[in-house]
Amino acid sequence: MTKEVSAGMNVIVDTGCANLASVKFAVERLGYQVTITDNIELIQQADKVILPGVGSAKHAMANINAKNLVSVLQKLTQPVLGFCLGMQLMTESSTEGNKSSTEGKSDGLVPCLNLIPTKVEPLKSQGNRLPHMGWNTLRKISDHPVLKGISEGDYFYFVHSFAAPISEYTIASCEYGSTFSAAIAKDNFIGCQFHPERSSALGSKIIQNFLELGPQELANL
Amino acid sequence: MLARRIIPCLDVKDGKVVKGIQFRNHEIIGDIVPLAQKYAEAGADELVFYDITASSDGRVVDKSWVSRIAEVIDIPFCVAGGIKSAADAKEILMMGADKISINSPALQDPELITRLADIFGQQCIVVGIDSFYNKEANAGKGEYQVYQFTGDEKRTQQTGWTTFDWIEKVVSLGAGEIVLNCMNQDGVRQGYDIVQLKQARAVCNVPLIASGGAGTMEHFSDVYQQADVDGALAASVFHKGVIAIKELKNYLKAQRIEVRPC
């Protein structure tokens, strides 16, 4: 096995969201150890950092602020992988407030971590039902190392109503009424709109690719 | 394209998968973890675990099996049964479930749906609806009516809601998905209730899952093509090996229905 490549510590940032256990189990199924933490030093020293999230951007950013993690996350230089809301938190801002899920509309702009310069907006589903929930296919996949072994037409599990538009940071796209970013990346920061931890063997492949990234692989992109 | 989902449903009692015979005499089918794993590997798109322990007598129910499932499976799963509060929902979600489904508690306290959606996000709040077609109702014209406490024969009772009004209500309160269990069809394996599901579809703008009546592969293609549901839930046809998921997906693909390959 290639576990030695990632012999250092992997951490999952405790964003206070509910799906931390699933993410931890997904990493452990691959044979790696991982710690769920909001400890600043542990996060700074980690080899790989995973930023999970479900729920609303406003709740999650409030948690991250309360834990004094904003600048900590912004200064990370090791590879960081965001899942779903975790990806959305990597952008400049999200229009997903927490007013009430019943209104179906945003109630203002939530400033996010601004690690990848794009903005999360309501998914333009063109009449398709929301949330966009279920297995959908990836399109236009770049040769980013985290997507190694993933092909156009492969299915991943999505659950969301907001999305990042297509931009220069898009490394894979998906279509649901309109085309949006299924994955984005800039430097050491990578985010997936889908849930790799719930996307069967191909989702595990992405997590494995991330955990096996060598120190220089992202620098050479 | 977004694939239509195939969702095996497992009844859980005291941490074991069981099969009920007329609500009683539950027969143990097997251990929950290997069964969950078997379905995930067979190509199920999602699993629903219905905890029938929970609905009885209010005692503290051991939910540690949720965590054991989350450890081994790599597809989404939903837990139904016995979730009456935000604290209950949090416990299940923290153990690794992707969604929770509420049914009777939503009828007791509809605002619970909104509270749960606001805390955990709309995407993980499923509302289960048990709907019975009463042909005598509505002055003999017939009506789909919502029932509650259907897990316990002695307590099962009609509510004041018609099915389609209740669907609209729960969607407006923040439900992220509806599972419509058509009671007249349940366990009969004569096909999903297409007529009812089509009407439900017309008033439901969140994902809609059909439940009750699956007996053959044609029943699945019918419900996707005719009622435009997002997913179809079934239990006995999968547990008894009447339909293999891989074979079902190949069949649906040949019918030009979008499915995720196994």
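This is a predicted model: local features need pLDDT of at least 70, side-chain atom pairs count only at pLDDT 80 or more; totals for chains, interfaces and linings use all residues.
Let me begin with chain A. Its secondary structure comprises 6 helices and 13 strands. The C-alpha trace extends over about 50 × 40 × 30 Å along the principal axes. For 221 residues, a compact globule would have a radius of gyration near 17 Å, and the 16 Å of chain A agrees with that. Of these 221 residues, 52% are buried. Among the contacts in chain A with a separation of 6 or more, 71% join residues 24 or more positions apart.

I turn now to the contact between the chains. Chain A contributes 28 residues and chain B contributes 34 residues. On the side of chain A that touches chain B, at least two residues come from each of α1 (20–29), β8 (132–137), β9 (155–160) and α6 (200–211). By class, that side of chain A holds 12 nonpolar, 13 polar and 3 charged residues.

Finally, I consider two helices of chain B. Helix α8, residues 217–227, packs against helix α10, residues 245–254, with the axes 10 Å apart and at an angle of about 45 degrees. The crossing of α8(B) with α10(B) is right-handed. Which residues make the contact? From α8(B) they are B:Met217, B:Phe220 and B:Ser221, and from α10(B) they are B:Leu248, B:Tyr251 and B:Leu252. In this contact of α8(B) with α10(B), 5 residues are nonpolar, 1 is polar and none is charged.

Methods:
Residues are numbered from 1 along each chain as its sequence is written. Chains are lettered from A and ligands numbered from 1 in the order in which they are written. Two residues are in contact if their C-beta atoms, placed from the backbone, lie within 7 Å. Helices (H or I, at least four residues) and strands (E, at least two) are DSSP runs, numbered from the N terminus. Ala, Val, Leu, Ile, Met, Phe, Trp, Tyr, Cys and Pro count as nonpolar, Asp, Glu, Lys and Arg as charged, and the others, Gly among them, as polar. Axes are lines fitted to C-alpha atoms, for helices over the stretch in contact, and angles run from 0 to 180 degrees between N-to-C directions. A crossing is left-handed if the near helix is turned anticlockwise from the far one by less than a right angle, and right-handed if clockwise. The radius of gyration is taken over C-alpha atoms; the globule rule is 2.2 Å times the number of residues to the power 0.38. A residue is buried if 20 or more other C-beta atoms lie within 10 Å of its own, exposed if 12 or fewer, and partly exposed in between; C-beta atoms are placed from the backbone.
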